[in-house]
Every structure is written in structure tokens, then in C-alpha cells.
Amino acid sequence: MTSSLLLRQANFRRLLLANFLSGVGDWFNSVAVLSLLLEITGTAMAVGITLALRTLPYLVFGPLGGLLADRFNRKAVMIACDLVRAVIALCFLFVSSADDVWIVYAGTFALVAFSALYNPARISLIPDVVERDQLLSANALEESVFGIVMAAGSLVGGVFAAYWGTDAAFVCNSLSFVLSAALILWISLPRDQAVSDAKRTRRSAKRTNRPTCFR
């Protein structure tokens with residue numbers, strides 16, 4: 001069932017591949033950042049702070065991501081988040097000493113924040129690119145990709161950073177977001193869903209522009 005799903009649903013293949021590429025890039029970044037922190041600071045404190053910053057943004061931006069996915073065009077939200085993350089990923093190239101560790105903290109927080117905005121839109125897009133009876137298989141494939149990315153991404157990222165350096169890993173992470181955005185751009189939604197997204201965007205714009213009454 002899963003193989004036929006990948007063969008028959010080109011839009012789902014693009015969504016899955018986009019998730020895979022950005023996930024692998026994220027692990028490239030994680031391994032490179034931790035390696036760089038140990039090199040320039042030599043302390044576990046910086047590593048601990050960075051790991052904490054990879055969790056905290058989800059508490060704030062996760063609900064906001066759900067709100068964006070509900071009110072705006074989901075493809076547009078995902079593409080925007082990918083392109084912003086592509087730029088943020090390059091900020092780690094400017095880290096060269098312990099004095100620059102704040103860049104690592106700020107960049108890590110920003111990357112995770114936009115990932116928290118991205119994920120609800122990605123998950124809510126799955127029912128729009130597969131048939132109703134394929135949802136179970138689609139979700140199973142999503143979980144499989146998540147596991148593969150976690151298992152292989154860190155290992156490959158470590159080897160990559162060891163041979164080509166942390167800067168190359170940061171650039172690869174940035175490119176993975178650009179490729180992910182391109183794949184999402186090629187996803188063609190059903191006409192009804194596209195119209196629904198457009199209406200949702202217009203309703204949100206009306207709420208934003210509605211004058212506020214003071215009592």
C-alpha cells in the first residue's frame with residue numbers, strides 16, 4: 001500500500017521528499033553546531049543551552065503555527081518558513097570564537113521557531129494530497145521518514161562535518177531548505193482546496209483590517 005501510494009501520488013512524494021531533505025539538513029546543522037561549540041568554548045554548558053533552545057520555541061510557536069495553518073495558504077506558509085530558515089542557517093558561518101556564541105543561540109532559537117511554524121502546515125497538508133483511504137499509509141510513511149532522518153541524519157552529518165568541516169554542513173543545511181521550498185512549490189492542490197485557502201487568507205485579512213472599537 002505504501003509503495004503504491006508513492007507511485008500514484010506525486011504531490012505526496014514531493015511533500016515527503018521535502019520533509020526528508022529539510023530533516024537531514026537539520027541534523028547536519030545540529031551535529032555541526034554542537035561540534036563547533038565544543039571547539040570554540042570547550043564547555044558542556046554551551047551545548048546544554050543550545051539543546052534547550054531546540055525545545056523551548058515549540059512551546060510558544062507551535063500553537064501559532066497551527067493558527068497560521070488554519071488561516072493562511074499552507075503552501076505559502078511552508079515555502080516562507082523554508083526560505084527564512086535557509087537564510088538563518090547561514091548565520092552560523094559567522095561564528096569563529098567564544099565571543100560569537102550568542103549567534104549560535106539566536107540562530108538555533110530562530111531555526112526551531114520557524115520549524116514550529118512550518119510543521120503544522122505540513123501535517124495539515126497531507127489530507128489534501130492523498131485520498132481519504134490512504135491517510136493511514138501516508139502517516140506511517142511520515143513516521144518512517146522521521147525515524148530514518150534521526151538515525152541516518154546525525155551519522156551522515158557527523159561524517160560530513162568531520163571530512164568537509166562545519167561550514168560546509170551549514171551551507172548544506174541552507175540548501176536543503178531551498179530544495180524543500182522548490183518541491184513544495186511544485187505541489188498542486190485540488191482546486192477546491194486552493195479556493196478554500198484563498199478564502200481563508202481573505203478572511204484573515206479582513207480580521208486584520210477590521211477597525212477596533214474602544215469603549
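**Aromatic contacts in a predicted model**

Ring pairs join Phe28, Phe160, Tyr163 and Trp164 into a cluster. This is a predicted model in which local features need pLDDT of at least 70, side-chain atom pairs count only at pLDDT 80 or more, and totals for chains, interfaces and linings use all residues. Residues are numbered from 1 along each chain as its sequence is written, and side-chain values use heavy atoms, with hydrogens and water left out.

Visitor: How many aromatic pairs does the structure hold?

Guide: Rings of Phe, Tyr and Trp (its six-membered ring) pair if their centres lie within 6.5 Å; planes under 30 degrees apart are stacked, over 60 edge-to-face, and the rest tilted. By this criterion, the number of aromatic pairs is five.

Visitor: What is the angle between the planes of phenylalanine 28 and phenylalanine 160?

Guide: Phenylalanine 28 and phenylalanine 160 form a tilted pair, 5.1 Å centre to centre. Phenylalanine 28 lies in helix H2 (residues 10-40) and phenylalanine 160 in helix H7 (residues 135-164), so the pair ties together parts 132 residues apart in sequence; helices are DSSP runs of H or I, at least four residues, numbered from the N terminus. The angle between the planes is 45°.

Visitor: Is phenylalanine 28 buried or exposed?

Guide: Buried means under 20% relative accessible area, exposed over 50%, and partly exposed in between (1.4 Å probe, protein chains only). Because its relative accessibility is 8%, phenylalanine 28 counts as buried.

Visitor: Which residue has its charged end over the ring of tyrosine 118?

Guide: A charge sits over a ring if NZ of Lys or CZ of Arg is within 6 Å of the ring centre and within 35 degrees of the ring normal. At 4.4 Å from the ring centre of tyrosine 118 sits the charged end of arginine 85.

How values were computed: Helices (H or I, at least four residues) and strands (E, at least two) are DSSP runs, numbered from the N terminus.
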